[in-house]
Amino acid sequence: MKLETKQAVPMLVLSALLFAGAAQAHVEVRFVEPQKFSDVGQSTMDRERVLQDVQAHLRSLGDRLLPGRDLVIEVSDVNLAGELEPHGRSMDMLRVMRNVTIPSMELRYTLSEGGKELRSAKARLQDMSYLDSFNRVDANDSLRYEKKMMDDWFAKEFAAEIAAGKQLK
């Protein structure tokens, strides 16, 4: 009997891990012609970091959806808050924030479950009061305004799915 118990424990652990993986929504983020995006930074490294951060943030938002849901987001434009401007003797480029340099993003999403499309739409995200509104994102995060904008859109767009997911927990 002790032998059976020892064999059962690893099976239970494996089952729990498999169930935990299946208990989340699947989120895929694609960038459509990112070389044509309005503003994702100046250098290649900046652009790659921004796109990775946007992708990771959208995926983390998708974790709030009901398990078994699939969300595909195709981002077709990103325009970061502020504008790069030369400053100082060496003319270093710094991002300067002004009320008229709002963050924006264009995307298309499809929400499905079991291969059946539940909802699909285009969205243009923008935050016209990004400098004046409360922001919970860390002040040291270089994409704090864009992340807040994505958070606000996601909470509004997927409110029913988020509420249903909370009821299951």
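So, going from the N terminus, the elements of the protein chain run α-β-α-β-β-β-β-β-α-α. That's four helices and six strands, and keep in mind that this is a predicted model. Of the 169 residues, 34% are buried. On contacts: take the ones between residues at least 6 apart in sequence, and 65% of those join residues at least 24 apart.

Okay, charges. Searching the whole structure turns up 13 salt bridges. Let me walk through a few. Asp141 and Lys147 pair up at 2.7 Å, N to O, and both of those residues are buried. Then there's Lys148 with Asp152, where the closest N and O atoms are also 2.7 Å apart. These two sit four residues apart in helix H3, residues 144–157, so about one helical turn separates them. Lys148 is buried, at 13% relative accessible area, while Asp152 is partly exposed at 40%. Arg30 and Glu28 make another bridge, 2.7 Å from N to O; here Arg30 is partly exposed at 36%, and Glu28 is partly exposed at 28%. And we've got a network too, linking Arg69, Glu113, Arg119 and Glu161.

Now, which side chain of opposite charge is nearest to Asp77? It's Arg124, 5.2 Å away. A salt bridge needs the atoms within 4 Å, and Asp77 has none, even though it's buried. Asp77 is in strand S2, residues 69–79. What does its side chain have close by? A polar atom of that side chain lies 2.7 Å from the backbone nitrogen of Ser38. Beyond its sequence neighbours within four places, Asp77 also touches residues including Lys36, Phe37, Ser104 and Met105.

Technical notes:
Residues are numbered from 1 along each chain as its sequence is written. This is a predicted model: local features need pLDDT of at least 70, side-chain atom pairs count only at pLDDT 80 or more; totals for chains, interfaces and linings use all residues. Side-chain values use heavy atoms; hydrogens and water are left out. Buried means under 20% relative accessible area, exposed over 50%, partly exposed in between (1.4 Å probe, protein chains only). Lys and Arg count as positive and Asp and Glu as negative; His and the chain ends are not counted. A polar contact is a pair of N or O atoms within 3.5 Å; within protein, one must be able to donate a hydrogen and the other to accept it, and residues adjacent in sequence count only if both atoms are side-chain atoms. Contact means heavy atoms within 4.5 Å.
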